[in-house]
Amino acid sequence: MKIYLKVWRQQHKDSKGMLVEYSLNEVDPEMSFLEMLDMLNLKLAKKGERPIEFDHDCREGICGQCGVMINGIAHGPLKNTTTCQLHMRSFKNGDTIYIEPFKAKAFPIIRDLKVDRSAFDAIIAAGGYVSVNTGQAPEANSIMVTHDEAESAFDSAACIGCGACVATCKNASAALFTSAKISHLAKLPQGQKESEQRTLKMVDRMEDLDFGHCTNTEACEVECPQEISVLNIARMNYEYNKAKL
Amino acid sequence: MAKTIKANIPAGELNQKWENYKAQAKLVSPNNRKKLEVIVVGTGLAGASAAASLAEMGYNVKSFCFQDSPRRAHSVAAQGGVNAMKNYQNDGDSIHRMFIDTLKGGDFRSREANTYRLAECSASLIDQAVAQGVPFGREYSGYLKNRSFGGVQVSRTFYARGQTGQQLLLGAYQALMRQTEIGKIKLYSRHEMLDLVLIDGKAKGIITRHLDTGKIERHGAHLVVLATGGFGKIYYLSTLAMGCNASAIWRAHKKGAYMANPSWTQIHPTSLPQSGPYQSKLTLMSESLRNDGRIWVPKTKNDQRSPNQIPENERDYYLERKYPSFGNLAPRDIASRSAKEQIDAGKGVGPLQNAVYLDFAHAIAEYGKNVIEQRYGNLFKMYQKITGINAYQEPMKISPSAHFSMGGLWVDYDLMTSIPGLFAIGESNFSDHGANRLGANSLLQACVDGYYIAPYTIQNYLADEINTPKTNVNHPAFEKAELNARLQLEQFVNCKGDKTAEEFHKELGKILYDKCGLSRSEVGLKQAIETIQELRGEFKKNLLVPGDVDDINSELEKAGRVYDYMELAELMCQDALSREESCGAHFREEYQTKDGEALRNDDNYAYTSAWEWTGNPSKPILNKEELIFEFVKPTQRSYK
């Protein structure tokens, strides 16, 4: 396949970026999107040019480190997929593809397509855990969790922290990410004890960082690779109001 | 001169050793703990759990990872489950049985005392993870559920859908972030370790490169813990994350830490086959799929029919045929090697004829699609995303690929390397798995090392360091290490050849797959060593790294890792060559039974090889730790 690319190149956080055009002639439809970028980078390196910096690691859809805007869509056109699991068979011969970094004030650009998502770690650090020290735990079966509770908690816990929800949100809100963790832990008996403090601290931290507010457009759910539901956001609001009362 | 080395195993009965150790280990009082600093490199299950646990105790921890967030460590990708002895299923499990399964699975090439301790501590891990909120699979009643896994006949594997590693890691990561917030952990993400710094023979710090700026930094502590995972990525195509590497342990090896059993890399039987030359990695499908999937190939060579058109009597369910009592759940080395036999015999399927079928039609007929979907739904989805094929309708195609490193830094019972003050935990050490890791034991070992062993053994070491002042990073040892690291990076950039690190890596990987992969021979290994030496020579002259040292530069990061792989690869081959027997992941063609099974030689090879760096990668010294089987008599491993 022949593919035309317009890729965001930006030297540093504070420099001005621009879209640069490239083309590739030998794209195999079985390649992953990142393997296509590898191919381009090899070409650039051989020409003595600086390869495109992009984030990636596991390349099996679970680490959450990859993620770019592809034709304006976080992680590209395929539903519920990370960029590494998008394959070139999703594009046609002769297509032009725009590749840009995730854009949000809270995710400063490091270089090219690489962004700094450490704000997500800061939200977790505010309270996204059960406060249990190593060695304190009781016998596991003494904490009963029904099948449905566990499954429901898992649905929220499955978030990979890729940041697509923020990137796709017109307000760059982190509500889906934050609420997924709040819900995961609030749905389980072991997480309920400190649910109030957790929710207040995590929501406050989220607001202190440069994320926007949630206005319920639900775009986050549409582009989430893990199909994290916006019902988590409703849950977060419920937990927050309950804690404030 | 080769020497025999001792593992400092505590005396006493097998089931008393760890209890006795803990009872006698030295303690550090809480007011002294805050004066002591610990560096932990790596934030996977071993690193994050150790960092969090040590910080909870009151030590000051510096935690490093090369990813943008500690949550991305590759433990996140482990799918199938984690073993633990709870005997919840009342099917005859016990610590002793789990110990035997692990020892036997490792083909009697692991240390009895460590393996027993792994089984002993396993139950506590499940308690810990549940308390953290890990949403393990549950029965409707609320009790924890289990499934069975390759190599065992009981159900002792706990799982969180097909994302067990992710959920366990998030638990450990959250514990780590909790301590970061409190200030007991200082987090350095996007940092890569370039060298280990020794002062008076003890590990006292590391040199790192900040990957966002290229800045080279010095970090000191009272000791260093390496939790940097496995090096299966040396094969280029592997199930590991792109960034997984051997550099931290290799550079520690060059500073005096012994490297144990480097040739034992587990080749996983259930990964997706390679589809083309551009491929950068192979994706693993959880081994748990073998619980319900049946593995087969067509009976005739080059059968071009689609799998659903091949009638039952023209299929060879070769694992069930060859290993009736374990069938599709035969251990990984056996399942992988059997797949290779079929592929080599021309019965491989798929466009490149490099795969075998993993078929769920029988399970769907027996339990219904819903049940299968609930058990493995995410894996079926993943399979469809990658291959475009719906595995509910036709069998999956799977193929063996490089996966878990049983080898790694040699450690004693305390998980301390041959360098005082340098600990290695999780997959970065060689520890508990012997020649072949039993499925669902990797998450367990990483967690147990980090949560339950390192906190005791590290404290035992630190008790003698309470009067040692903070490490001075202006010490000449730091200056020298930093200078050497810088010179090496400059050399890469200034080489200005025309082959990228990745191209070298692909070549190296192919040599290893062909000659030091699923099967090895004396002739092949000798050829590999020669080719690797030539490739290493070319690397020095012809490397192409665009960009600068003092800047963001992914190509430079790769160059350093591949440089280390070039040296390690030769050691892997040397190790494989020196072991004139077949065991576990190591199948030497010259040593097999009449039926083509691995032929172990306990009389001469019941030892852990612990290689010593001499300054010349082609002339390592082989030291041996004799494996003494005090409580179990090694038997021929049979899964028939």
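Is Arg156(B) buried or exposed? Arg156(B) is buried, at 1% relative accessibility, where buried means under 20% relative accessible area, exposed over 50% and partly exposed in between, using a 1.4 Å probe and protein chains only.

Hello everyone, and a quick word on the ground rules. This is a predicted model, where local features need pLDDT of at least 70, side-chain atom pairs count only at pLDDT 80 or more, and totals for chains, interfaces and linings use all residues. Residues are numbered from 1 along each chain as its sequence is written, chains are lettered from A and ligands numbered from 1 in the order in which they are written, and side-chain values use heavy atoms, without hydrogens and water.

Let's stay with Arg156(B). Its salt-bridge partner is Asp93(B), with the closest N and O atoms 2.8 Å apart; a salt bridge here is a side-chain nitrogen of Lys or Arg within 4 Å of a carboxyl oxygen of Asp or Glu.

Now for a pair between chains. Lys281(B) and Glu60(A) form a salt bridge, and their closest N and O atoms are 2.5 Å apart. That pair crosses from a loop of chain B to a loop of chain A. Lys281(B) is buried at 3%, and Glu60(A) is buried at 5%.

Next, Asp303(B) bridges to Arg305(B) at 2.8 Å. Asp303(B) is buried at 16%, while Arg305(B) is partly exposed at 30%.

How many salt bridges does a search of the whole structure find? Over all chains, the search finds 68.

Notes
Helix = DSSP H or I, 4+ residues; strand = E, 2+ residues; numbered from the N terminus.
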